Amino acid sequence: MNWEQVKGNWNQLKGQVKQQWGKLTDDDLTRIEGHRDELVGRVQERYGIAKEEAERQISEWERRAA
């Protein structure tokens with residue numbers, strides 16, 4: 001799934017994102033609005049991980065969501 005599809009289906013995908021990264025708040029999900037860079041930043045911030053690790057996790061999630 002590419003990020004144009006993610007943006008278009010963000011409301012449906014929020015549940016999957018919340019399930020994967022439970023520390024993200026509803027406000028986080030609203031601010032992210034399907035933007036990959038925002039998701040990377042929020043995951044990095046909430047979990048205290050490096051940007052590279054957040055990128056890896058999101059890439060893995062993308063493959064499963066496809």
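**Figure 1. Buried residues in the protein chain.** Of the 66 residues in the protein chain, 32% are buried (under 20% relative accessible area; exposed is over 50%, partly exposed lies in between; 1.4 Å probe, protein chains only). This is a predicted model: local features need pLDDT of at least 70, side-chain atom pairs count only at pLDDT 80 or more, and totals for chains, interfaces and linings use all residues. Residues are numbered from 1 along each chain as its sequence is written, and side-chain values use heavy atoms, with hydrogens and water left out.

**Figure 2. The helices of the chain.** The protein chain holds 5 helices and 0 strands (DSSP runs numbered from the N terminus: helices are H or I with at least four residues, strands are E with at least two). From the N terminus on, the order is α-α-α-α-α. The radius of gyration is 11 Å, close to the 11 Å that the globule rule gives for 66 residues, so the chain is as compact as a globular protein of that length. The radius is taken over C-alpha atoms, and the rule is 2.2 Å times the number of residues to the power 0.38. Along its principal axes, the C-alpha trace spans about 30 × 25 × 20 Å.

**Figure 3. Helix 4 and its cover.** Helix 4 covers residues 36-47, which makes 12 residues. From first C-alpha to last, helix 4 reaches 16 Å, close to the 16 Å expected at 1.5 Å a residue (the expected span is 1.5 Å times one less than the number of residues). Its buried residues are L39, V40, R42 and V43. Their cover includes helix 1 (3-8), helix 2 (10-20), helix 3 (26-32) and helix 5. After helix 4 comes G48, with a positive phi near 60°.

**Figure 4. Q57 in helix 5.** Helix 5 runs over residues 51-65, and Q57 lies in it. Q57 is buried, at a relative accessible area of 18%. Not counting residues up to four places away in sequence, Q57 touches W21, V43 and I49 (contact means heavy atoms within 4.5 Å).

**Figure 5. A65 in helix 5.** A65 also lies in helix 5. A65 is buried, with a relative accessible area of 18%. Leaving aside neighbours within four places in sequence, A65 is in contact with M1 and Q16. A65 and W10 are 55 residues apart in sequence and 12 Å apart in space, C-alpha to C-alpha.
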